[in-house]
Amino acid sequence: EIEGLLSDADASTGRSVQFGLEAAVMGGIPVIHSLQNDFVGDDITEIQGIMNGCTNFMLCKMEAEGVSYENVLKEAQELGYAEADPSLDVGGQDARSKLKILCRLAFGQDVVEDDNP
């Protein structure tokens, strides 16, 4: 569908139109653009960051205050850090998907998500 829209835009403007996007990875930092443009000549050896704000909030609160999983999850949902169905966050799939994107951009490695439970 997107290809059709881009073709229509190309035809109507008389020039090539590109479609880009930026994901909210690592707290909304525009890391995708930076990896694609700002570090092109650099040798990236590692990436560090909080991959999922919801689970970061939950784990920090559980460790620092001894809050139970159930209570801190409820609080995260009330504060808007967790979705109504938080299974992708607390199950690790959200962080895994973000790591896949970062591994491709930073290291040129394609990671098969299902190989990393």
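Biologist: Are Lys74 and Glu78 buried or exposed?

Modeller: In this predicted model, both Lys74 and Glu78 are exposed.

Biologist: What makes the pair Lys74 and Glu78 a salt bridge?

Modeller: The nitrogen-to-oxygen distance between the side chains of Lys74 and Glu78 is 3.9 Å. The cut-off is 4 Å, so a pair within it qualifies. The structure holds six salt bridges.

Biologist: Where do Lys74 and Glu78 lie, and how many residues apart are they?

Modeller: Both belong to helix α4 (residues 69–78) and are four residues apart, about one turn of the helix. An α-helix has 3.6 residues a turn, so residues three or four places apart point the same way.

Biologist: Which residue forms a salt bridge with Arg96, and at what distance?

Modeller: Glu113 does, and the closest N and O atoms of the two residues are 3.5 Å apart. The pair links distant parts of the chain: Arg96 belongs to helix α6 (residues 93–107), whereas Glu113 is in the segment after α6, 17 residues apart from it.

Biologist: Why is Arg96 called partly exposed?

Modeller: The relative accessible area of Arg96 is 22%.

Biologist: What makes Arg104 and Asp110 a salt bridge?

Modeller: The closest N and O atoms of Arg104 and Asp110 are 3.1 Å apart, and the requirement is a distance within 4 Å. Arg104, with a relative accessible area of 42%, is partly exposed. Asp110, at 62% relative accessibility, counts as exposed.

Biologist: Which residues are linked in a network of salt bridges?

Modeller: Lys61, Glu65 and Glu75 are linked in this way.

Biologist: Which residues of α3 are buried, and what makes them line one face of the helix?

Modeller: Cys54, Phe57, Met58 and Lys61 are buried in α3. Seen down the helix axis, the buried residues fall within an arc of 95°, so they line one face of α3. These buried residues pack against α4 and α5 (87–90). Leu59, Glu63 and Ala64 are exposed on the other side of α3.

Biologist: What caps the N-terminal end of α3, and what follows the helix?

Modeller: Asn52 is the cap: one of its side-chain oxygens lies 3.1 Å from the backbone nitrogen of Cys54. Gly66, whose phi is positive, near 70°, follows α3.

Biologist: Why does Asn52 count as buried?

Modeller: The relative accessibility of Asn52 is 5%, and the limit for a buried residue is under 20%, so Asn52 counts as buried. Asn52 lies in the loop between α2 (31–37) and α3.

Biologist: What other contacts does Asn52 make?

Modeller: A polar atom of the Asn52 side chain lies 2.8 Å from the backbone nitrogen of Thr55. The side chains of Asn52 and Asp89 are joined by a polar contact of 2.7 Å. Leaving aside residues up to four places away in sequence, Asn52 touches Asp89, Asp94 and Lys98.

Biologist: How many disulfides does a search of the whole structure find?

Modeller: The search finds zero disulfides. A disulfide requires two cysteine sulfur atoms within 2.5 Å. Cys54 is buried at 3% relative accessible area, whereas Cys60, at 42%, counts as partly exposed.

Biologist: Why is Asp43 called exposed, and where does it lie?

Modeller: Asp43 has a relative accessible area of 69%; the limit is over 50%, so Asp43 is exposed. Its place is in the loop between α2 and α3. Asp43 and Ala106 are 63 residues apart in sequence, and their C-alpha atoms are 8.7 Å apart in space.

Biologist: How many helices and strands are there in the chain?

Modeller: The chain has six helices and zero strands. Of its 117 residues, 20% are buried. Among contacts between residues at least 6 apart in sequence, 36% join residues at least 24 apart.

Note on methods:
Residues are numbered from 1 along each chain as its sequence is written. This is a predicted model: local features need pLDDT of at least 70, side-chain atom pairs count only at pLDDT 80 or more; totals for chains, interfaces and linings use all residues. Side-chain values use heavy atoms; hydrogens and water are left out. Buried means under 20% relative accessible area, exposed over 50%, partly exposed in between (1.4 Å probe, protein chains only). Helices (H or I, at least four residues) and strands (E, at least two) are DSSP runs, numbered from the N terminus. The arc is that of the directions from the helix axis to the C-beta atoms. Contact means heavy atoms within 4.5 Å. A polar contact is a pair of N or O atoms within 3.5 Å; within protein, one must be able to donate a hydrogen and the other to accept it, and residues adjacent in sequence count only if both atoms are side-chain atoms.
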